[in-house]
Amino acid sequence: MSNQKQYQQVFMECFGVEADVLGDNFTYQCVPAWDSVGHMGMIAALEDTFGIMMETDDIVDFSSYTKGMELLGKYGVTF
């Protein structure tokens with residue numbers, strides 16, 4: 001499975017959304033499930049999926065679906 005599909009799958013599973021809503025407009029708190037607890041669950045799932053450990057500043061800066069792809073690039077995850 002491609003990195004893009006794995007990334008998409010994490011969001012779909014963590015936030016209970018369909019792939020068609022994921023994009024530039026999918027941002028922190030745009031759905032009730034993406035609250036502070038949901039955010040940390042998503043971060044943990046992404047770390048497990050890609051075998052990385054994100055820095056605290058990057059976790060805080062992870063504010064949207066698109067921003068997340070940019071941040072994961074710092075850890076060698078390409079899309």
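These questions and answers go through the fold and core of a predicted model. Local features need pLDDT of at least 70 and side-chain atom pairs pLDDT 80 or more, while totals for chains, interfaces and linings use all residues. Residues are numbered from 1 along each chain as its sequence is written, and side-chain values use heavy atoms, without hydrogens and water.

Reader: In what order do the elements of the protein run from the N terminus on?
Author: Helices (H or I, at least four residues) and strands (E, at least two) are DSSP runs, numbered from the N terminus. The protein has 4 helices and 0 strands. The order is therefore α-α-α-α.

Reader: Why does the protein count as compact as a globular protein of its length?
Author: The radius of gyration is taken over C-alpha atoms, and the globule rule is 2.2 Å times the number of residues to the power 0.38. For 79 residues the rule gives 12 Å, so the protein is as compact as a globular protein of that length, its own radius of gyration being close to this at 11 Å.

Reader: What percentage of the residues count as buried?
Author: Buried means under 20% relative accessible area (1.4 Å probe, protein chains only). Of the 79 residues, the share that counts as buried is 37%.

Reader: Which residues touch the most other members of the largest nonpolar core?
Author: A nonpolar core is a set of buried Ala, Val, Leu, Ile, Met, Phe, Trp, Tyr and Cys residues joined through side-chain atoms within 4.5 Å. The largest one has 21 residues. Those touching the most other members are Phe11, Phe26, Met42 and Phe62.

Methods
Buried means under 20% relative accessible area, exposed over 50%, partly exposed in between (1.4 Å probe, protein chains only).
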